[in-house]
Amino acid sequence: MANYTIQLIRPTIVKHIVEYERGKFKEFLTTQKDGLELTRNWVLKHVDKMLLEIKSSPVAPPTSSSAPPTSSSATSTSSSATSTSSSATSTSSSVTSTSSSATPTSILADPLALRNFCNNVLNSAYMELLEWPQDELLPETVCVDRERVLELRDRLHQVCLLSAVLLVSLNTATHAHPSLAASHDALRAELKRDLCPILDPAYTREETLAALPNLTEQVVASLQKHVERSGKPPLEGAVTNALRHQLTELQDPQHRVSALVSARCIAFFKQILCNSNARNVAVPAPFVVLQEEVARICGGFLRFTQHNRAVFGEFYFDMAEHRLKTLQTPALGGGQPTPAAGASPAAGASPAAGASPAAGASPAAVKAGTSDASSAAAAEEKNREGKTRKCDSDPAEHEKKEKENVKEEEKIEQENSEQEEKIKQENSEQEEKREQENSEQEEKREHEENKAEHKGKGGVRWDSLDLD
């Protein structure tokens, strides 16, 4: 009964935790000159990256069913893994292609487009944390969870390295003894059982790479043991030496197998992060035997991103929106038509400079019109000079002019202030709406978990893991 009560009030507790952390962070910002410098650089880098991807991506067809068949030409032994990777590719391409014609102006004009853009920016920024360099400072909004983020990063690197070791080892063993292909799954599970105890989950990236020689020797011993148990001749010295050399090369992050495995894992995590309605998503083929390890990492990463987004989401959205407005200003200024040289202000909308005369107009008429426009412009300029001299000679007129300028400036400042207040109010309403949606989704998720528990169904649910 106590556990049920805790689960029932959990959304309320989470909401109060979010509000408390956000309030404490705002108090911290009041004591700093610029407490969001690293966070701003981190977010704006991905805003510019997303805009560049939108600008460089081709325009998508009007129907989503005509997405480029990137996965049809790829061959894979696991159909579920292939479908997973292809759906991730099509999902990311559709997100980019649907916004390929978007500009900062059109994104700001549509609240839904602005929200989707900011969510895509945050997803890209969160994915960068899984490959964050050791010698760089984390953003201020992530510093509280620094140990957790770095642990997830190192654990993910460890799982990718272990997956690459299994791939190379199994490929070498089945090439030396083709008959081992029949017991491929059993051999893979046996290698995992022998290798996992060597890798401590608390290892850093450097400690994991330092343990690679031990992994290599254990792989050779396990393969020899399995071959002998199967009644086949042992692996030759040339085969074991080649295997040791291939496994040692996996230390290089640019190695083809290591890079491919890491890319597949990152793409899988991105698919889970971008699709909040994912259910029982199949892991890529290289990680099938490491499904439990991947589930733990994915569950911890999803919990971190959801909590961080709920606490600091308003700061991230304000930064992205401000950058879009900054990029929008030059575009608006550059889009104004340039008035023709010598055009009269009293003449209304004058033709643009370089515009051709109307068809059928004689050269004499064009020349007369040009001379009239020049005379009008000269008269207007003379009139302005006379007014300026009058203001300079008459102090009362000059003071009146200054008062008018001050009133105009105050009016502009008041309009800007009202507009800023309106934007803040809209952002506050959107944030409250997002928090309410998150609470409803969390409550719905908890309800589904309880139902699944009573029914006793299996399967891994990536968006509802609780593996702390």
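In this predicted model, the charged end of Arg434 sits over the ring of Phe317, at 4.2 Å from the ring centre.

**Aromatic pairs**

Nine aromatic pairs are found in the structure. One of them joins Phe25 and Phe315, whose ring centres lie 5.5 Å apart and whose planes meet at 75°; because planes over 60 degrees apart count as edge-to-face, this pair is classed as edge-to-face. Phe25 belongs to helix H1 (residues 2-30), while Phe315 belongs to helix H12 (residues 291-334), so the pair ties together parts of the chain that are 290 residues apart in sequence. Phe25 is buried, with a relative accessible area of 10%, and Phe315, at 11% relative accessibility, counts as buried too.

A further aromatic pair is formed by Phe269 and Phe301, and its geometry is tilted, with 6.2 Å from centre to centre and 50° between the planes. This pair also links distant parts of the chain, as Phe269 lies in helix H11 (residues 256-274) and Phe301 in helix H12, 32 residues apart. Phe269 is buried, with a relative accessible area of 1%, and Phe301 is buried at 2%. The two pairs are set side by side below.

| Pair | Centre to centre | Angle between planes | Class |
|---|---|---|---|
| Phe25 and Phe315 | 5.5 Å | 75° | edge-to-face |
| Phe269 and Phe301 | 6.2 Å | 50° | tilted |

Ring pairs also build a cluster, in which Phe25, Phe28, Phe312 and Phe315 are linked.

Helix H2 has 20 residues and reaches 28 Å from its first C-alpha to its last, which is close to the 28 Å expected at 1.5 Å a residue. Its buried residues include Trp42, His46, Met50 and Ile54.

**Pocket and cavity**

Rolling a probe the size of a water molecule over the atoms shows where empty space is left. The second largest pocket holds about 1000 Å³ of space. It is lined by 31 residues, of which Asp318, Glu321, Lys325, Ile423 and Asn427 are the closest to its centre. At least two lining residues come from each of H1, helix H2 (37-56), helix H5 (111-129), H12 and helix H14 (395-455), and H14 supplies the largest share, with 12 residues. By class, the lining of this pocket divides into 15 charged, 10 nonpolar and six polar residues.

A search of the whole structure for cavities of 30 Å³ or more finds one, and the largest cavity has a volume of about 40 Å³. The residues that line the largest cavity are Ser163, Leu166, Leu167, Leu170, Arg188, Ala285, Pro286 and Val289. Helix H6 gives the most to this lining, with four residues, and by class the lining holds six nonpolar, one polar and one charged residues.

Note on methods
Residues numbered from 1 in each chain as written. Predicted model: local features only at pLDDT ≥ 70, side-chain atom pairs only at ≥ 80, totals over all residues. Heavy atoms only, no water. Phe/Tyr/Trp six-rings, centres within 6.5 Å; stacked < 30°, edge-to-face > 60°. Buried < 20%, exposed > 50% of the residue type's maximum accessible area, 1.4 Å probe, protein only. Lys NZ or Arg CZ within 6 Å of the ring centre and 35° of its normal. 1 Å grid on protein atoms, 1.4 Å probe; cavity = no way out; pocket = protein on both sides within 12 Å on 5 of 7 lines; lining within 4 Å. Points joined across faces, edges and corners; volume = space filled by probe spheres on them. Nonpolar A, V, L, I, M, F, W, Y, C, P; charged D, E, K, R; others polar. Expected span 1.5 Å × (residues − 1).
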